Amino acid sequence: MIKLLVVDDQNIVRNVLSDTFKEDPTIKVVGTAANANEAQKLVESLKPDVISLDVVMPGMSGIEFLNWLMPKYPTPVIMLSTFTQSGADATLAALANGAVDFVQKPDGSESDFLRMLDELTTKIKKYGTEVKLQKQSLFAKTSKLTFKEDKNTKIKLIAIGASTGGTQAIDYLLGRLPANLPPIVIVQHMPEYFTSLFAMRLKTTSGLNVIEASHGDILENGGVYLAPGDKHLLVRRLSGKMYIELENFEKVSGHRPSVDVMFDSIAKGKMGPHCIAIILTGMGRDGASGIKNIRTANGITIGQDEKSSIVYGMPKEAFQLGGILHQVTLVDIPQKIIHCLEN
């Protein structure tokens, strides 16, 4: 039985979630709170397995609550996010401060309300059984690494795929990497609109030239290109130049954008031998077959290890499939990238 604590300032949300999970034998709402101050007391007494947390509440903010919660009672927190820009900004800040995921609140229609309940139920069951957070932080900011450029290096591209926990991991990696690297392309499972805000946030925190990718972008050294939500990102090459294609075809491995799609485009485009491919924390298996194809093409592949992953799903699948050349803890991945570039 998964113990759920519901924290939301709207009484109707608390009641609906409590009533919904009465019918589910695997989830029990052990308490509800109208604000973060009430939630603090309930966390200490009830010790829930998962917390659903409203993004915007009166009094203590969700960020302040997370900063109190994670050092003392590391618990998977799923944010309930609004469709507004302020709600999206707050959600990204929450993910950066320890929340594992988010679910968008409904737009008012019955169908979208059922979508929210279904998505929230799935994530509660996943995080209540598969995620064990550690008290120590793996994301402490440290100094930038340096890289002595070598025009003869065979590596011309760095590709990164991530899902659950990836916003923190990507922020950490880019925060340590210097600005004079080959172009970096990233797929992070995230809805449209959130990706543009995430790109802006990464640009600010890392100091790198991070943008939300557009169709036809030419990949330049020092550039970081984040796949937009609901678009597949493919890397193409023409006349010695690499560029980005964005496509709307069906989901692959359950996602759009899909890490497999990006990795496969690199391998099939004969760019595999010139690529460092990295698969980070995430639920599911997206990216596993694609990174295997890059390794088969003599590319360098790196997988985040179990200890430092919020969810050791995607990197585990890639490792078990034989797609990982180097399995590395998160804090060591930036230095491993530099080492591979220089050797």
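Buried, in this talk, means under 20% relative accessible area, exposed means over 50%, and partly exposed is in between, with a 1.4 Å probe and protein chains only. This is a predicted model, where local features need pLDDT of at least 70 and side-chain atom pairs count only at pLDDT 80 or more, while totals for chains, interfaces and linings use all residues. Residues are numbered from 1 along each chain as its sequence is written, and side-chain values use heavy atoms, with hydrogens and water left out.

I will start with helix α5. Helices (H or I, at least four residues) and strands (E, at least two) are DSSP runs, numbered from the N terminus. α5 has 21 residues. From its first C-alpha to its last it reaches 30 Å, close to the 30 Å expected at 1.5 Å a residue; the expected span is 1.5 Å times one less than the number of residues. Which residues of α5 are buried? They are D112, M116, L117, L120, T121, K123, I124, Y127 and G128. As background, an α-helix has 3.6 residues a turn, so residues three or four places apart point the same way. The cover over the buried residues of α5 includes β1, α1, β2, β3, β4 and β5, where contact means heavy atoms within 4.5 Å.

That brings us to the sheet with those strands. Two strands pair if DSSP finds at least two bridges between them. This sheet is open, with 5 strands in the order β2-β1-β3-β4-β5 and parallel pairing. Its edge strands, each pairing on one side only, are β2 (27-33) and β5 (101-104). From one strand to the next the twist averages 25°. For angles, axes are lines fitted to C-alpha atoms, for helices over the stretch in contact, and the values run from 0 to 180 degrees between N-to-C directions. Strand β4, residues 77-81, runs parallel to β5 and is joined to it by 4 bridges. In that pair, L80 stands opposite V103. Helix α1 (residues 11-22) packs on the sheet and touches β1, β2, β3 and β4, with its direction at about 165° to that of β2. Helix α5 (residues 110-130) packs on the sheet too, touching β1, β2, β3, β4 and β5, and its direction makes about 165° with that of β5.

Now the other sheet. In what order do its 7 strands lie? The order is β8-β9-β7-β6-β12-β13-β14, in an open sheet with parallel pairing. β8 (209-212) and β14 are the edge strands, and each pairs on one side only. Neighbouring strands here are turned by 20° against each other on average, direction ignored.

Take β13, residues 300-304, as the example. On one side, 3 bridges join β13 to β14 in parallel, and G303 stands opposite Q327. β13 also pairs with β12 in the parallel sense, over 4 bridges, with I302 as the bridge partner of I278. In general, side chains in a regular strand alternate between the two faces of the sheet. Both faces of β13 are covered: I300, I302 and Q304 are buried on one side, T301 and G303 on the other. Helix α9 (residues 288-296) lies across β12 and β13, running at about 155° to β12.

Next, the cores. A nonpolar core is a set of buried Ala, Val, Leu, Ile, Met, Phe, Trp, Tyr and Cys residues joined through side-chain atoms within 4.5 Å. The largest has 61 residues, and F65, L174, I276 and L280 have the most contacts inside it. Leaving aside neighbours within four places in sequence, L174 is in contact with residues including K144, I184, L202 and V224. A second, separate core has 28 residues, among them A213, I244, L246 and I324.

Finally, some loops. T153 is in the loop between α5 and β6 (157-162). Is T153 buried or exposed? T153 is buried, because its relative accessible area is 12%. The side chain of T153 reaches the backbone nitrogen of I155 at 3.4 Å and the backbone oxygen of L341 at 3.3 Å.

Most residues other than glycine have a negative phi, and most peptide bonds are trans. K47, in the loop between α2 (36-46) and β3, has a positive phi of about 45°. K47 is partly exposed, with a relative accessible area of 49%. S253 has a phi near 55° and is in the loop between β11 and α8. In the loop between β11 (241-247) and α8 (259-268) we also find P257, and the peptide bond from R256 to P257 is cis, with omega near 10°.

Conventions
A polar contact is a pair of N or O atoms within 3.5 Å; within protein, one must be able to donate a hydrogen and the other to accept it, and residues adjacent in sequence count only if both atoms are side-chain atoms.
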